[in-house]
Amino acid sequence: MSARYGMVIDLDRCTGCGSCMVACASENNVPSLPHATARTGITPMLVRKVSNGHEGSQQREAFIPILCMHCEEETPCVHVCPQQAVEVDAATGIVMQMPQRCLGCRYCMTACPYHARYFNWSDPKWPKGMETSLNPGVATRMRGVVEKCNLCHSRLHAAQEKAAAVGKREIDPADYVPACVEACPTVAIQFGNLADSNDPVTRESRSANSFRLLAKIGTEPKVYYKSKEAWVRALAEPNSTASGTLHTAASASMEEHHG
Amino acid sequence: MKFSRRDLLVWSAGAAAGLVLTPVPWKLLDDTSIWSQNWPWIPQPTRGPVDVRQSNCTLCPNGCGLRVRMANGYPVGIAAKTNEPLTQGALCPLAFGAHQLNWHPLRLRSVRHRGVDSSFEEARAAFAKACTEGPIVVIDGFPGRASSAILESFGVKKGEYRVVWGAETRALASYEEWSGVPAALGYDLENTRTILSFGAPLLDGWGIPGRFARRWAQSAGSADPDVRLIQVEPSLSRTAARAWQWVTIRPGSDSALAAGIARVLIEERLVAARSPMPPMTLTDAASQTGLDSNAIRELARAIVAQAPVVAIARDCNPAVAALNVVLGAVGARGGIVQKSKSVRSMASAEDAFPSARAVLIDSSVPWEFVPETSAEVFRFAAWDGGSSKADWLLPAPGFLEELTDIPTAPTSGVESYAIAPALAKAPHTTQSGWQFLAAVDPSLDTPEKVIHSRCAELFRNRRGTLHTSEETPLAKIASAEKLEEQLSQGAIWIGEPARRNSFHCELKEWPADSAPASSAEFPAAWSPPVLPPLASKLYEESNLRGTTQGRTA
């Protein structure tokens, strides 16, 4: 039976420390140079700060980690790619990006409703000598291609190799944990197989306080969020006017992407 | 045959049409793109055997447990040790990129004398000369390490040994002063039910990051959490945003609020201990903080509703310390506890040292610290933090480039000891402060010797437990050598929990108002002057934090 890997991110637990961002970038050999802006940088995991729109003591803030939502249905980036460089892996449900096929047209970036895709505007660069500190399990991406979160696919490969070495077909779930999940100091990010009804993540994804960003567009993202605070849940909808702010996590990204 | 103008035009038009129709230029363009995308000088990860080593973070005194992935002898990834009781398998965001710090463009690689390249030989000659001419002051940023013992030994012999205390340690200073004896104090956060934080970034790098965060997360967002975090802060910080209650006060009015709460607690007999009444009236406290008098009353009632309770200040604040005495939180379960009695008083580097001939600053001292002196300053640092008052800037080993031990963290409520082995090779152009001193005074010990004797002492005392993948009472460890070997491989020794009521301090009168604590993006315990390059890049590319503290790559 194929898996459907996904996440539930508890926003009430997210302190916005940024550990997931740094761990993700380190694991996936994201270049540390040149410095860029939110429009031109590469941040497969991006924690955004959102506000309830009030001022003074009534002001409240939450932190929303934005990554590829790994849409299951009508996956927009898959539909628009002229090179078949994007596909939904039938075995895992992970939306895969193949940089070797990508021609850099950036249709997928435009199509992605979450703006979770990033373009390599220049050759990957690190300060002198720092290439020795790169993760040997992940290849660097070349200039002119799009990249995004692939749920640390290299870790899945390692788990599969480990299972195969002992003659097993199924991996041990403990062997496959993405870097952001491992790094979260408050265990706000939970990872698991949404196709398994006994998986704690599946149960969490069905809880009363869980929601998905832009769920109305029907792409069935596999990244769920949860919060007990109503104003945070209200931010998920594209036309939300909750607490006087229109800054959904996704639209906040969009504003910075498009200036 | 004559080649006419008409023929030229026909030929040109044909060539242009042919160029459009032929695939050759487009193929060449495509191939050129692919070739240039894959130039051989574009960095690729080095292949080689991958190994996982255990160590401890040395970037701040909290010494969180690390699992370091190594490839070809270089650290290539960092994760938290999951089975460690103190750090609880969590790290701060900076640790995840710390393995790249040693390649930071601001890494110091050569000796500089007043901005001019020099050498260790010249620096040593100048220092040796200074040693013969007058007293030397040695300044340490992480006291308690093996190398600190060497620095102290030299400092005591040749002049003075001073310490730069972090904000978390300074916040505990008042209790020692009032008790009259030096004491190693910490917070018993595991048993606290209510925390009144006066600007302390409890969820943003304060103390051992995982220690409180993991407990807080268990009931985060609940209307009735297991531990109530009440954050007193003028602006909405990351900790305030996630606190059970955020109390907005005017900047610099922490002491007034502490006095106001103490007055309500005493007047309404909400506390058992008899304590001096603060001279400030509730009306004055309300006026200074910008809160309503009733709001202060309600806050006082709220904090004692779920005991044990402790107040935590961001920095030294005697009024907050006095509030803890009023609350009965000093020497009590869930409050301020004494983790060790074997402690000595150490002079602060903040005080002036007018008679010093030279000052040696260890690389553990935060870059922001500038000594108040006209003496010749020899400053060790692994990274260049910008303008400095140092006469000599001496390159030191960087992250995980030298053997060190990790004494008890400043905020911890229990003693601990760990060893961080050198996992990477330090550049040959660097030297530690203790190595520099050992060249001047060969009678000094080495960190290896000090660590060896400390392990022997731990083994002799037979107290506490050794935590590897499992927990082993120290009494069951076969020998001191075995203990040192296990510590060197990532184990941590944890002492026995502090006994309740083992520490007392008396408050004779309410303390005078103190200066407000400074506010920095990262805690004062963070000593390197630069951020890991990935962290500075990601903070610049998001709206998460500024990069004001620490220069970017």
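Residues are numbered from 1 along each chain as written, while chains are lettered from A in the order written. Local features need pLDDT of at least 70 and side-chain atom pairs count only at pLDDT 80 or more, whereas totals for chains, interfaces and linings use all residues.

**Exercise 1. Describe the side of chain B that touches chain A.**

Step 1: Start with the totals. Chain B brings 54 residues to the contact and chain A brings 56 residues; two residues are in contact if their C-beta atoms, placed from the backbone, lie within 7 Å.

Step 2: Look for the top contributor. Helix 16 of chain B gives the most, with six residues (helices are DSSP runs of H or I, at least four residues, numbered from the N terminus).

Step 3: Sort by class. This side has 28 nonpolar, 17 polar and nine charged residues. Ala, Val, Leu, Ile, Met, Phe, Trp, Tyr, Cys and Pro count as nonpolar, Asp, Glu, Lys and Arg as charged, and the others, Gly among them, as polar.

**Exercise 2. Find the residues where helix 14 of chain B meets helix 15 of chain B.**

Step 1: On helix 14 of chain B, pick out B:Ile451, B:His452, B:Cys455, B:Ala456, B:Leu458 and B:Phe459.

Step 2: Their partners in helix 15 of chain B are B:Ala480, B:Leu483, B:Glu484 and B:Leu487.

Step 3: By class, the residues of this contact are eight nonpolar, one polar and one charged.

**Exercise 3. Judge the confidence in chain A.**

Step 1: Over residues 241-251 of chain A, pLDDT stays under 50. Where pLDDT is low, the predicted coordinates should not be read in detail.

Technical notes
Helix = DSSP H or I, 4+ residues; strand = E, 2+ residues; numbered from the N terminus. pLDDT = per-residue confidence, 0-100.
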